[in-house]
Amino acid sequence: MTGPGQHRADGPEQAHPDDERQTTAVIGSAGGRRPRRAGGRRKHGPGIEQVVPDAEFTSYYGRPIVKAAPWEHDIPAYLFSGGLAAGSALVAAGADLTGRPQLRRTSRLGALVALAFSGAALVHDLGKPSRFVNMLRVAKLTSPMSVGTWILTGYAPGAGLAGLAELLDLVPADRRRDGVLGSASRVLSWVDRPAGLWGALFGPPLAAYTAVLLSDTATPSWHESYRELPFVFVGSAAAASAGLGLIGAPVHETGPVRRLAVGGAVLELVAEHRMERSMGITAEPLHEGRAGRLMRAAKVLTAAGAVGAALSGRSRALGVLSGAALMAGSACTRFGVFEAGIESANDPKYTVVPQRERLAREGPRHFPE
Amino acid sequence: MIGGRNSLSGPVDPTANAGYGDEHPKRKGFFTDTSICIGCKACEVACKEWNDVPADHFDMTATSYDNSHSLNANQWRHVAFIEQPKRLGSQDPGLRPPEVTDLGMPSVRPTDTAGAVADGAGGTGVGAEGEKPDFRWLMSSDVCKHCTHAACLDVCPTGSLFRTEFGTVVVQDDICNGCGYCVPACPYGVIDRRKGPDGAKNVGIAQKCTLCYDRLGAGQTPACAQSCPTQSIQFGDVDELRERANARVAQLHEAGVMDARLYGNDPHDGVGGTGSIFLLLDEPEVYGFPPDPLVTTADLPHMFRRASAAAATLLVGAALAFVGRRP
Ligand code: SF4
Ligand code: SF4
Ligand code: SF4
């Protein structure tokens, strides 16, 4: 039988026959039994000093402390489609107001498809549509999921009507002169601009709230990233929707989305970099395993997409390629952040070590009366 | 109620904070004194029976005598077993003269406390001083903490999780939509979405300890506390339990058990104090508890500001992209 689950963060489970270390532990002496902490210095041979992340920690036989979200891949897929819907509504409104019909059409249709996909993903996660309605009985400010549901509910009619107007526009003109299609297209031609602007108004909150959705949990790598994650996600949303515009619109209309692509990609990459630096040990899952591969792919795709977008002023083909790279990069970011969080919840290291570090630094918490 | 003083963090009466008037009963909770737990699992069984919680597996974890693994949707009480290469503080059956400290630890093996040799028990493996095994069991019956600031309740988008008049946190099965948001929100990993077994009620719905809401309503003691043969699980008013816990830890310190410590008793801590208080004999993480838990919604105002700034950045950025120079 093993001893109590003492582990090295960088090694396999180890039993600690060392009785002394255990007995030195008394209340409040949080650091007493951890002579070497994460990021501490340790001698490696004569004269060579290395910074080693040697976080020693204890757990109940290596079992998780917090529970991972019981969500499947429809949630990161929704993070992506929600961002795409949000950004596309903004691009569509801009294109509408500045007279770029192809870009408007692409973005409105993209927003409509992304919205439909988002709804499907959420309903699939819940199991049946009627369960979505349970969330519309309350509005709860402390629940990002409740707030997000209302943002999506506000966004849907605007983006939906604008998208429908665009869909109807695809029907040959002589087939929608009278009858049901005729009345529908007359009504929609009146409301499509206000509807599109209405949808665009909900775009920014729709793109940002999903970061809070993840961060407002005890999942270490999600919670610790709460300062920068909203910027990563809005950058990612901008890059993805600009990417879609690059794919669907001719070169003479893509000026704004080329700028948006570069701006979004730079924001995402810079915010992501800052985020990792501010997360301490909980940044680790973003570098390891599948999440690590996804995050690396995201960086390469986003950077390449941004460069391509900037240079695509003359080449439609380059624009399409760059747009695809940007969209793929955005998807990789969402899946990477999602998976890193799940990993961080399943390993007690990411719960115990940061909490011990904070205790050693600041002592027990004391919220005032 | 948001906006109230300390409504997201800090000391507060959770029942009043949830909007109950002055007439509500006193806050109820547990004091679980793990120093006298014998690991009999009576609490686990009583909870399953009373609350009709389905069994879903029965296998050893292979790391200790734990066969119920963790708190989850089908396990509302969980007894943790920890084997440590460490000498017991002291165990005494209370059969010797009164000058020997009695910690109330049920035991059949007389052991030495104050340097006196207890060698009357030849053959039990406990011989003269120095031959005592450097080995101890820690057992602890874990349960939902019924936090003052309950993250599960805060993030629930349907209002299924609610604060009862007893200050406890309960899921309403018929309102929960199975979104699972409460699961990653709980800083203790307590609540979970029921995965099975097939045919059990409430599959797909979040489930956890209700602090026997039905029994409380009838003025009864929760099933687990009622069944505990050593009174390791004590039920009562949280105010009174906090005092009892302080007295018990002082008693153990006096007896030389300096490892004894309380967990969750401080209303100033990261969750505003828990309704379930524990007395532990080692650091919290040894038992699978987070050492420094924080209700995630304590940071929510900050998260909200960051997200608003990010949303504004996106809006301005998109606008600039369109008003910028024409290509
Ligand atoms: S311990 Fe977890 S499940 Fe229980 S009240 Fe606190 S947050 Fe909710
Ligand atoms: S799973 Fe049920 S109890 Fe948990 S947050 Fe969702 S609706 Fe609320
Ligand atoms: S209070 Fe009731 S529901 Fe909670 S663990 Fe005890 S027996 Fe189970």
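## Close-up views of a predicted model

**Figure 1. The largest cavity and its lining.** Helix α5(A) makes the greatest contribution to the lining of the largest cavity, supplying 4 residues. The structure shown here and in the other figures is a predicted model. The elements that give two or more residues to this lining are α2 (74–97), α3 (101–126), α5 (144–170) and α6 (179–215), which belong to chain A. In total, 14 residues line the cavity, and Ile75(A), Leu122(A), Met135(A), Met145(A) and Tyr209(A) lie nearest its centre. By class, the lining consists of 11 nonpolar, 2 polar and 1 charged residues. The volume of this cavity is about 140 Å³.

**Figure 2. The open sheet of chain B.** Four strands form an open sheet in chain B, in the order β8-β1-β10-β9 and with mixed pairing. Strands β8 (233–237) and β9 (261–263) of chain B stand at the edges; each has a single partner strand, so one side of each is left without a neighbour in the sheet. On average, neighbouring strands of this sheet are turned by 20° against each other, direction ignored. In general, the strands of a sheet pair through backbone hydrogen bonds, in either a parallel or an antiparallel manner.

Figure 3. In chain B, strand β1 (residues 28–33) pairs with strand β10 (residues 276–280) in the parallel sense, over 4 bridges. Within this view, Phe31(B) has Ile277(B) of β10(B) as its bridge partner. Helix α7 (residues 238–254) of chain B packs on the sheet and touches β1, β8, β9 and β10 of chain B. The direction of helix α7 makes about 135° with that of β8(B).

**Figure 4. The surroundings of ligand 2.** The residues around ligand 2 include the cysteines Cys156(B), Cys176(B), Cys179(B) and Cys182(B). Also among them are Pro157(B), Thr158(B), Ser160(B), Leu161(B), Asn177(B), Gly178(B), Gly180(B) and Ala206(B). By class, this shell has 7 nonpolar and 5 polar residues, with no charged residues.

Key
Residues are numbered from 1 along each chain as its sequence is written. Chains are lettered from A and ligands numbered from 1 in the order in which they are written. This is a predicted model: local features need pLDDT of at least 70, side-chain atom pairs count only at pLDDT 80 or more; totals for chains, interfaces and linings use all residues. Side-chain values use heavy atoms; hydrogens and water are left out. A residue is near a molecule or strand if one of its heavy atoms lies within 4 Å of it. Ala, Val, Leu, Ile, Met, Phe, Trp, Tyr, Cys and Pro count as nonpolar, Asp, Glu, Lys and Arg as charged, and the others, Gly among them, as polar. Two strands pair if DSSP finds at least two bridges between them. Axes are lines fitted to C-alpha atoms, for helices over the stretch in contact, and angles run from 0 to 180 degrees between N-to-C directions. Contact means heavy atoms within 4.5 Å. On a 1 Å grid over the protein atoms alone, a cavity is a set of points where a 1.4 Å probe fits but cannot get out, and a pocket is an open set with protein on both sides within 12 Å along at least five of seven lines; lining residues have an atom within 4 Å of a point. Grid points are joined across faces, edges and corners, and a volume is the space filled by probe spheres set on the points.
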